[in-house]
Amino acid sequence: MGTSLKGKGRIVLTELSLLIAIVLTLIPIGWLFWNSFKYHRDIINLDNPTTFTLNNYTTLFSGSSKFLTLFLNSLGVVFFTTVLCLLIGSLAAYSLSKFRWPRALTATVLGASLFIQLVPPIALVPAYYVILNTFYLYNSVTGLILVNTVFNLPFAIFLLKVYFDSIPDELKEAALVDGCKDAGVFWRVMLPLAAPGIGAVTILVGILAWNEFLMALSLTSTPDAQTITVGIGTYVQQYSVRYGEMTASAAVATIPIVILAALAHRYIVTGLTGGAVKE
């Protein structure tokens with residue numbers, strides 16, 4: 001009886017902790033959306049009576065605003081970064097997992113791919129600036145796509161390799177016996193089985209690319225190539241902060257990721273835990 005009560009107490013404590021974590025997470029988001037419908041004067045002076053308005057949103061999408069361009073740039077960076085990470089990462093992960101490379105070579109490749117993530121990103125900005133400027137990719141969406149791919153590719157390779165490791169080798173051997181080539185085994189057998197892992201990588205890489213700020217700020221100079229995160233930062237000006245437009249743009253930037261994560265949370269959980277146990 002005592003053990004049962006302890007078990008129920010742990011469950012209640014766990015659920016209460018999760019509830020508190022959810023509330024603490026939602027409060028800033030709710031406050032953000034709340035302020036996005038208020039005038040600037042009401043945001044900076046809480047004593048003023050709140051007057052709700054859509055003026056912040058209409059300003060964002062007015063003809064003189066570059067917000068739509070920034071939004072589309074972010075979508076482009078996220079889409080092509082994710083595609084490149086999935087294409088290169090899945091091929092690399094499958095090769096490292098299912099082809100019998102020497103362990104020293106595998107360790108070297110994985111170690112080298114992770115080395116870039118051990119270096120502070122700010123330390124790489126000068127090198128990326130020189131490289132992109134040399135190839136005429138500075139201040140371009142293409143340059144941001146390549147930089148984001150370099151940063152996110154090691155994560156994609158590691159997660160996908162773990163997932164491919166959980167798929168029995170007998171399936172590959174059976175497909176080869178049936179006359180399927182290595183490329184066919186990958187595209188027709190292994191890739192569908194790794195769908196949860198691919199879904200997790202898609203969502204997580206997309207979120208990382210969408211939220212990236214430092215490289216987008218350092219490697220672009222005009223709104224034609226900048227992303228939405230940089231655009232939000234421009235509302236903090238030398239003599240004032242345009243809180244209304246900043247909160248509205250941040251609210252709009254939050255919506256796609258929240259919807260994407262809500263729709264694909266099952267793939268994230270399955271993808272992150274699916275390779276934990278190899279049957």
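Mentor: Angles of 65 to 115 degrees between axes count as roughly perpendicular. The model under discussion is predicted.

Trainee: How are H4 and H9 oriented to each other?

Mentor: Helix H4, residues 67-98, packs with helix H9, residues 182-193, at an angle of about 105°. Their axes are 12 Å apart. Because angles of 65 to 115 degrees fall in one class, H4 and H9 are roughly perpendicular.

Trainee: Which residues of H9 meet H4, and how do the residues of the contact divide?

Mentor: On the H4 side, Leu87, Ser90, Leu91, Tyr94 and Lys98 take part. Their partners in H9 are Asp182, Val185, Phe186, Trp187, Met190 and Leu191. The residues of this contact of H4 with H9 divide into eight nonpolar, one polar and two charged.

Trainee: Which residues lie nearest the centre of the largest pocket?

Mentor: The largest pocket has a volume of about 210 Å³. Its lining divides into five nonpolar, six polar and three charged residues, and helix H3 (55-60) and H4 each supply at least two residues. Of the 14 lining residues, those nearest the centre are Lys66, Leu70, Gly231, Thr234 and Tyr235.

Trainee: Which helix gives the largest share of the lining of the second largest pocket?

Mentor: This pocket, with a volume of about 170 Å³, has Gln117, Asn148, Phe155 and Glu212 among its lining residues. The lining divides into six nonpolar, three polar and one charged. Helix H7 (141-165) and helix H11 (214-218) each supply at least two residues. The largest share, four residues, comes from H7.

Key: Residues are numbered from 1 along each chain as its sequence is written. This is a predicted model: local features need pLDDT of at least 70, side-chain atom pairs count only at pLDDT 80 or more; totals for chains, interfaces and linings use all residues. Side-chain values use heavy atoms; hydrogens and water are left out. Axes are lines fitted to C-alpha atoms, for helices over the stretch in contact, and angles run from 0 to 180 degrees between N-to-C directions. Angles under 35 degrees count as roughly parallel, over 145 as roughly antiparallel, 65 to 115 as roughly perpendicular and the rest as oblique. Contact means heavy atoms within 4.5 Å. Ala, Val, Leu, Ile, Met, Phe, Trp, Tyr, Cys and Pro count as nonpolar, Asp, Glu, Lys and Arg as charged, and the others, Gly among them, as polar. On a 1 Å grid over the protein atoms alone, a cavity is a set of points where a 1.4 Å probe fits but cannot get out, and a pocket is an open set with protein on both sides within 12 Å along at least five of seven lines; lining residues have an atom within 4 Å of a point. Grid points are joined across faces, edges and corners, and a volume is the space filled by probe spheres set on the points.
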